[in-house]
Structure formats: C-alpha cells, structure tokens
Amino acid sequence: MRILDMGDAAFSVEFGDAIDPALQARVNALDVAIEHARSAGQLDGVIETVPTFRSLTVIYDPLQTRRASLEAALRDLIAAADHAPASDGRHWRLPACYGDAFGPDLADVAAATDLTPEAVINAHSTTEYVVYMLGFLPGFPFMGDVPAALQLPRRREPRLRVPPGSIAIATGLTAIYPWESPGGWHLLGRCPVPLFDATREAPALLAAGDRVRFTPVSADEFDRLDAELKAGQLDPQQWCTPVGALA
Amino acid sequence: MSALEIRSPGALASIQDVGRRGWRRIGVPWAGALAPQLLRIANTLAGNDVLAPAIECFDGGQQFVARDGAVRLAVAGDAQLEHLTADGKRSLVAWRSLTLADGETLRVVTTGAGRLAVVAVFGLDRPRVLGSAATYARAALGGLDGRALQAGDRLNVIEPAPAPEQHLRQPPTPDAGPIRVVLGPQADHFAPASLDAFLSAPFEITAEADRMGVRLAGEPLVHRDAAAREIVSDAAVPGAIQVPGNGLPIVLLADGHTAGGYPKIATVITADLVRLAERKPGEQIRFVAVSVAEAEDLARAAEHSLQASLGDIVPLAGDGVIDLDALYTCNLLSGIIDGREDDGDTA
C-alpha cells in the first residue's frame, strides 16, 4: 500500500497496480469504512471518495482540513482494509443483441481471435463479469475478466462516436457505453437497458462489486425491450437477481 | 416575472454553479464554473446567493436581452461590455451590476487577459440535478435542458426592485507567474530528465481547450519505458495533468473524466486551476512544483483574498452613467480601453 499525491484537494490510497478482485475487495473495504466514519461525524472536510480497480481516491476541501491530519485519521482504517473479504454484489442478467449494426466489430474480433462470430458471442455471453469500477463517463462500468481467447488491444483508430448502449471489449475488460462518446474499444453488440438515469435514487444501474452476465436476444426482442423501456413500461430492476436468490 | 433572452451565446455560454459533489464514484464529474471565484463575485454584485447558478462565458460575443420587464445582471471577469439602449450604446467595464430595462441588451464584447467571464442574473433559479444546476452537456445534466445556451433561449428571472448598482472597487490583478503543481500521482512513470523538462520547458495552450481540459503543445515528455505509458485506470481529479503516449500533456478541468488510463505527472493546485483555464490558445505557460502543504496554504490564501474582494463590493457612484474611476482603473490595469473613445456613444 502507498499513498500518492493528487494535488492539494485529493490523494490516492493505492493497494496495488493490477486488475484483481482481491485488490478491489480492499478498496471497497476502505471505502465502506470511510463512509461509516463520515456517517458518525468524523473525517470533517472529506468531500467524496472514488473507488477504482486498485485504489481509493479521497477528495477533501483544503479550506476545512489538511492532508496530514486526514492521513493520520485514516491510518487504522487503511490497515484494517488489508484483510477484507470480497463483498457480494447483486447479480444481473442483461439482454444483449450481438452483431450486425449493433456490433460492427464482431467480424473483426472473430477474425483477430481465429473464432467464428458465434463462438465470440458464446464466449462473451457465458462469462460472468465483475463490475470493478464506474468511471470515465457517468454510469460506465469497467467489467472483467473477458475470456483469454477474446482479449485484444484497443482499436488502432478510436471511433469518434460510439452509440449509447454499445457493448464493447478491450484487453481483459468489457463495458457498456451509457452515452454516445468517442471510444477505442471493439463493439460487439448493444444493450437496451439504460445504465444511467439522474432521476433514479441510485442514478447508476450497476455498482462496483456487482456481477453481470449477458443474455443474447434477437434484434426484434431488442426493439421490443427498447420501446417498452423508453415508454417506462419496464423496470430495469427486473434483470437483477437479489443476492441469495440464485439457484 | 421577467426573462433574459440569449440573443447570442458567443463562443460558448452555459449555466454553472459550483458543481455537483459526491457522484464521481459513478463517473459524474463535478462540472461547475471553471472560475468559482468569478461566480461568487458576480452573484454578490447581482444581489444573489453567492452560490446561485450563473452564466459562464468563454471569449466574449455573448448578447443578453431583457424581456417582459427589467433584468439585473452582473459581470465578473476582465471583459469589455456594451449596454445597448433605445438611445444608443455605451461601453462599460466589468466587475459591476447593470439593470437592463425591458428590451435593452448587454453585450460581452470580448474578454481581456483571460478567456472567462461570469454573468450573474438576479433571481435566476434552475432545477438541481444530482444536487447542482451546473450544465454537464455530455450526460445532459443540469443547466437548460442539459446543454450549453443557444440563441433564442429564455431564462425566467425575478424582476428586481430598484436599487443602486454595485461594483467591485479593486478587481483582482492577473498573476503572470508559473502555474504551480504538486508532482504525482504517477511522476515516477517519467524519465528523470523528462520530469526536469516538465518543470523548466514552456508549454503552449492549444486550440483544444474547453471545459473538459486543456491540451498542451511543447517538447513531448518521455515515459520511463513503454510499459509506463499506460496505467490500470485510476481516479482523476480536476487539475490532473495526464500524459498519453504521444508525450503531450492534457490538464483536466471541471468536466474532465473521473477516471483514466494515462499516467498523471502532476496536479495543478486549486489556487492556480482558474489561471490555467483562463489562458488563451497560443499563450505559453510554465510549471513549478510545490509541496502538498504549500498548496493547501495557497488555497487558503486564495480564499482569503476572495473574501477581501467580496467585502470590497460597494454601491456604484454616479449610478447609471459611465463610472470614470472604474474605467480609468481598468485602463491602467489592462491598457485596452481608452475611456474617451466611447464618449460619443454614451447615452
């Protein structure tokens, strides 16, 4: 563990530099411990924390507190996080329409990995992914790990416009783009379920620690789900299985 | 109820407050005014709550028209203004409030030394989205329909009771010194000679400079080795200076990504972030390193001088006509305006 400087209003508690569920468990343990301390009226001046794959960033108001005093106050919480067990997130089975216009890179990925498009879809949709962190864009989930057979570097030419809902892979990670954005990942398909809605109590659909699997659906089924979701006739929670309810 | 019509948004204008806190963990940046100091001064001049939403303007060209009654505005930032009335136009300096009668126009002609001006509007209120009215266009949050202002937009405001206009007697003076940074979090990803070059060589502000960040040009920085060009993504904060594989730094600002996979060589300190955001394309900057504790002291000193400025806001003498004192003060500071030049146009 080391503490990295991030200016006069933040610092990062770094537990390692790999993508590893054990590191994520320590990050989340410290995150939860800081949240508890703040609820108990401690750690004045902390504005928010940002959990990532391997580090927890603590953002503070330099007018209210100082790095040195926060670091001292966090010492015991950081030590305790070193022995954290992995936490159980929610389980999601999200619909995915693979290929054609929704997955313009499916054929290229198949060619680059020496698989058929069907085998790519099968490998991607039969793997359970962990949500490591949210970031880059509101609600954007960094999920892993993609099966070794599908792991490719990012595209050499990033796209200027990746459509919202795009399901993409790069290196050992997979993601769903909540917004239209530039992007360098390979697009395999599209998910109709909105990942971010500012009017929901929890605006991001997914949370770090959640588990996600994709269920292939036809283009017709995608259109039906998309229309019903946009009309407010479907609740995205229907794709969530409460912990403990799995067979 | 009167309304402010945006006749022209100029280069870029959007509604901002101090931004939304607490949502970076789900990828939502703070957004908010790039120059919160200007937001607080403008709101105080306008008679608003100091943290009320206001209009952030880039580079001038903005035109605002009062509709269905009077509208009180206030402008903070080094900007040249024109007040268009039925009788003609008059030039004004910023750092003051101004009440437009129905149908009158305020033009932000150009900004001076910096790119930013904040126009506060008396009684402007916008719905809070995730705790803030700040516009974050990429996710369509806040502001007006989640986007930057466009010609023809109308904002409903409260019609002001007659009151003396306010001004800031001694506007803050620009600081020409280097931009101060705290090295890290990934300074160790760079060759030692390159770290020295980062703190000694000049960098130029490119045209790719907006609310998300500022791309710099200059002698490319060199990563320690090929593996050091990327990191496993971690969090980024406003002020973070990320260096992608091409070696050219990008300073992240209020709308910048919350996480990223490029190493970050340093972080611009809170007190100097606005000084960077204000710089115009083509200008050169240099960086100098300070410690975390020094940077915290500088943040407190900056807040102290802002409080002094807020306390220096007083009723404007000779309300309703050009304030020659303020004009000459600005003239001395910026050397841009000749106070006599506009007499012919003065109503």
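In which sense, parallel or antiparallel, do strand E15 (residues 213-217) and strand E18 (residues 250-252) of chain B pair? The legends below belong to close-up views of a predicted model.

**View 1. Strands E15 and E18 of chain B.** The two strands pair in the antiparallel sense, over three bridges. Val214(B) has Val251(B) of E18(B) as its bridge partner. Strands of a sheet pair through backbone hydrogen bonds, either parallel or antiparallel.

**View 2. The open sheet of chain B.** Eight strands make up this sheet, and their pairing is mixed. The order across the sheet is E21-E14-E15-E18-E17-E20-E13-E22. Strand E21 (284-285) and strand E22 (287-289) of chain B are at the edges; each has a single partner strand, so one side of each lacks a neighbour in the sheet. Helix H3 (residues 270-277) of chain B packs on the sheet and touches strand E13 (179-183), E15, E18, strand E20 (264-268) and E21. The direction of H3(B) makes about 130° with that of E13(B).

View 3. Seven of the eight residues of H3(B) are buried, so the helix is largely enclosed by the rest of the structure. Among the buried residues are Thr270(B), Asp272(B), Arg275(B) and Leu276(B).

**View 4. Gly32 of chain B.** Gly32(B) lies in the loop between strand E2 (12-16) and helix H1 (36-46) of chain B. Why does Gly32(B) count as buried? Gly32(B) has 27 C-beta neighbours inside 10 Å, and a residue is buried if 20 or more lie within that distance. Leaving out residues up to four places away in sequence, Gly32(B) touches Gln16(B), Asp17(B), Val18(B), Gly19(B), Ser132(B), Ala134(B) and Ala254(B). Ile15(B) is 17 residues from Gly32(B) along the chain, with 8.3 Å between their C-alpha atoms.

**View 5. The two domains of chain B.** Domain 1 covers 2-166 + 317-345, and domain 2 covers 179-303. Their centres, taken over C-alpha atoms, are 29 Å apart. Domain 1 of chain B gives 15 residues to the contact and domain 2 of chain B gives eleven. On the domain 1 side, the touching residues are seven nonpolar, five polar and three charged.

**View 6. Helices H1 and H2 of chain A.** The axes of helix H1 (residues 21-39) and helix H2 (residues 67-81) of chain A come within 8 Å and cross at roughly 145°. The crossing is right-handed. H1(A) contributes Arg26(A), Ala29(A), Leu30(A), Ala33(A), Ile34(A) and Ala37(A), while H2(A) contributes Leu77(A), Ile78(A), Ala80(A) and Ala81(A). Nine of these contact residues are nonpolar, none is polar and one is charged.

Note on methods. Residues numbered from 1 in each chain as written. Chains lettered and ligands numbered in written order. Predicted model: local features only at pLDDT ≥ 70, side-chain atom pairs only at ≥ 80, totals over all residues. Domains from an automatic or database assignment. Contact = placed C-beta atoms within 7 Å. Nonpolar A, V, L, I, M, F, W, Y, C, P; charged D, E, K, R; others polar. Axes fitted to C-alpha atoms, helices over the stretch in contact; angles between N-to-C directions. Helix = DSSP H or I, 4+ residues; strand = E, 2+ residues; numbered from the N terminus. Left-handed = near helix turned anticlockwise from the far one by under 90°. Pairing = 2+ DSSP bridges. Buried ≥ 20, exposed ≤ 12 C-beta atoms within 10 Å, placed from the backbone.
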